[in-house]
Amino acid sequence: IALAHELERNLGRNAVNVTCVVDSDFDLALGKAYRCNLLLFTDYTSLELYLFATATLSKFLTLVVRGFPQTGEQVMAAIRGPLTEAFAIRLANKALGLNLRWLPFEKCCTVTDQGVLFDSSEYINRYLQANAMFEEKERFLKTLDACRLMQSSDERRFMHGHDSVNLLAWYIRQRKGFRS
């Protein structure tokens, strides 16, 4: 973002020989915008989430994972809820300015017939305790409730790219009947 602004300052607003592309991250949810003609933001929170589509995931499962017992649509349905909940937790941290160190959340996930269940209450306790911020729990939970309400119809605007890759890999490893 800083580079795009610096290039625009030096090359002018109408320069066409350079474009900077950045992940939208939390800017979509927080309504943050930048004025720079040389700057493009991803439609979703990150580049990785362009891959979180039924056709793409189905192709990945067929060509790379080979023999996986579910379709891309079924896998997306199984992991969608935990990914949006994890994003809401990240967003609450950002909104409160706590700068908490993220912990992998897969240890609080369980695979069931209905998909992946994420024990977010347990995760939040671990998250706040690991960051020595448990005394902020009430304020954190109140902000988290507000963050959950912000979610739009396109869940890719409320998922974290690295979380989606990590949870997908975890889910593939957990599924019974999957041959390595």
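**Salt bridges and nonpolar cores in the predicted model**

Glu85 is buried, with a relative accessible area of 14%, where buried denotes under 20% relative accessible area, exposed over 50%, and partly exposed the range in between (1.4 Å probe, protein chains only). The structure is a predicted model, in which local features need pLDDT of at least 70 and side-chain atom pairs count only at pLDDT 80 or more, whereas totals for chains, interfaces and linings use all residues. Residues are numbered from 1 along each chain as its sequence is written, and side-chain values use heavy atoms, with hydrogens and water left out.

The side chain of Glu85 meets that of Arg148 in a salt bridge, with an N to O distance of 2.5 Å; a salt bridge is defined here as a side-chain nitrogen of Lys or Arg within 4 Å of a carboxyl oxygen of Asp or Glu. This pair links distant parts of the chain, since Arg148 belongs to helix α6 and Glu85 to helix α4, 63 residues apart; helices (H or I, at least four residues) and strands (E, at least two) are DSSP runs, numbered from the N terminus. Arg148 itself is partly exposed, at a relative accessible area of 31%. A salt bridge is also formed between Arg148 and Asp145, whose closest N and O atoms are 2.9 Å apart, and both residues lie in helix α6, three residues apart, about one turn of the helix. Asp145 is partly exposed, with a relative accessible area of 42%. Through shared partners, Glu85, Asp145 and Arg148 are joined by salt bridges into one network.

By the rule stated above, the count comes to nine salt bridges. Among them is the pair of Glu8 and Arg13, with the closest N and O atoms 3.4 Å apart; Glu8 counts as buried at 10% relative accessibility, and Arg13 as partly exposed at 45%.

A nonpolar core is taken as a set of buried Ala, Val, Leu, Ile, Met, Phe, Trp, Tyr and Cys residues joined through side-chain atoms within 4.5 Å. The largest such core has 45 residues, and those with the most contacts inside it are Ile79, Ile89, Phe105, Tyr123 and Phe140. At least two residues of this core are supplied by each of α3 (54-65), α4 (72-96), β4 (115-118), α5 (120-130), α6 (137-149) and α7 (161-174), with the largest share, 12 residues, coming from α4. Apart from this core lies another, of seven residues, among them Ala4, Ala15, Cys20 and Leu39.
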